[in-house]
Amino acid sequence: MSEFIHHQTAHCENGVTVSLLKDHGVDFITEPLAFGMGSGLFYIHIPFMKVNNGPAISFRTMPGAIFKRTCKALDVKVERKKFKDPKEATRFLDSKLEQGMKVGCQVGVFHLPYFPKEYRFHFNAHNLIVFGKEGDRYLVSDPVMEITTSLSTEELERVRFAKGALAPKGHIYYPVEVGEITPEQIRSAIAKGIKRNCRDMLKIPGSIAGVKGIVYTSKKIRGWRDKHGPRQAGLHLGQIVRMQEEIGTGGGGFRFLYAAFLEEAAVIMQNEQLARISETMTKAGDLWRDSALQMSGIYKGRITEQKDFDACADLLIEISAVEKQAFQELAKIKF
């Protein structure tokens, strides 16, 4: 088995992307670059879906898209596979490990034994790397953890076949062919990632996605106290905070990560405007953190008046305006 180097990152899918590509010799890749090339930043409020009895909100693109888009932009060929039979999934994984391969796996968080109990909830789009096997123990690199760990065959099978929304169905993925990546390819991947993110945040039709989706959530928050009562409305806000600060990197964290991407891109593309827009995105991250503090106060029952809900709503209106400004400026840049 060839040596594997564990990389801790802020977000699981970014980390798996970075670690697998670095293992194949793509030394320049960083977490911000993977996130930006993969157009990872997003916002959507899905009114017809509930998560843990609260609003379904995502601050990032669909699970799996960052790895897929980043690899495609760099012309890295990948394979991915899902299974109906857990035993077949285990046999396939073992065959890849016997070949010396390291593979990404989509798993459910709830039954991961090395996760602190307070972070175990029903979320099935977590990503980790299996990089070897010793006896009955699979060697695991989870990018959000400081060190590597291991899972038994039963433990790994359980999380690979977690039930519920976004059920992973044994999803396994890995690079199979990485050619020479030129500086021009890197610049092209950055440009494509930015253009796609501008489209996703500014131009998706309807009112629930992108910067318009943030305004949609603001309107909902303004009416929740009257509609649900202070306690249930507070629980809804607590769910937003959880989606924002605990699941993956969350809302504020993703904005800071995108700001870091723009800083790195400014150097590679030799474009100072990207660095200036990075500052705007950092401001958005700060405002998301402010909103989390305000929502947490309501959730904990410290502040429960309508004016407190209005203050939350007003912050989201400001965030939407800041992010809209950032992506409108990015959309004007000629690469």
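**View 1. Gln-8 sits in the segment before helix H1.** Helices here are DSSP runs of H or I with at least four residues, strands are runs of E with at least two, and both are numbered from the N terminus. This is a predicted model, in which local features need pLDDT of at least 70, side-chain atom pairs count only at pLDDT 80 or more, and totals for chains, interfaces and linings use all residues. Residues are numbered from 1 along each chain as its sequence is written, and side-chain values use heavy atoms, with hydrogens and water left out. Gln-8 counts as partly exposed because its relative accessibility is 45% (buried means under 20% relative accessible area, exposed over 50%, and partly exposed in between, with a 1.4 Å probe and protein chains only). Leaving aside residues up to four places away in sequence, Gln-8 touches Pro-143, Val-144, Met-145 and Glu-146; contact means heavy atoms within 4.5 Å.

**View 2. Six strands make an open antiparallel sheet.** Follow the order E3-E8-E4-E5-E6-E7 across the sheet; strands pair if DSSP finds at least two bridges between them. At the edges are strand E3 (77-81) and strand E7 (149-152), each of which pairs on one side only. From one strand to the next, the twist averages 35 degrees (axes are lines fitted to C-alpha atoms, for helices over the stretch in contact, and angles run from 0 to 180 degrees between N-to-C directions). E3 and strand E8 (residues 172-177) are joined in the antiparallel sense over 5 bridges, and Lys-77 has Glu-177 in E8 as its bridge partner.

**View 3. Tyr-258 and Leu-330 have the most contacts inside the largest nonpolar core.** This core has 75 residues; a nonpolar core is a set of buried Ala, Val, Leu, Ile, Met, Phe, Trp, Tyr and Cys residues joined through side-chain atoms within 4.5 Å. Leu-330 touches Ile-194, Cys-198, Tyr-258, Leu-262, Leu-274 and Ile-277, not counting residues up to four places away in sequence. A second, separate core of 22 residues includes Phe-83, Leu-112, Leu-128 and Leu-156. Back at Leu-330's neighbour Cys-198, the relative accessibility is 5%, so Cys-198 counts as buried.

**View 4. Cys-105 is in no disulfide.** The structure holds 0 disulfides, a disulfide being a pair of cysteine sulfur atoms within 2.5 Å. For Cys-105, the nearest cysteine sulfur belongs to Cys-12 and is 12 Å away. Cys-105 counts as buried because its relative accessibility is 0%.

**View 5. Helices H8 and H10 cross at roughly 145 degrees.** The axes of H8 (residues 230-245) and H10 (residues 272-299) come within 8 Å. Residues of H8 that meet H10 include Leu-237, Ile-240 and Val-241, and those on the H10 side include Trp-288, Ala-292 and Met-295.

**View 6. Lys-227 lies in helix H7 (residues 210-228).** With a relative accessible area of 64%, Lys-227 is exposed. Lys-227 and Leu-21 are 206 residues apart in sequence and 49 Å apart in space, C-alpha to C-alpha.
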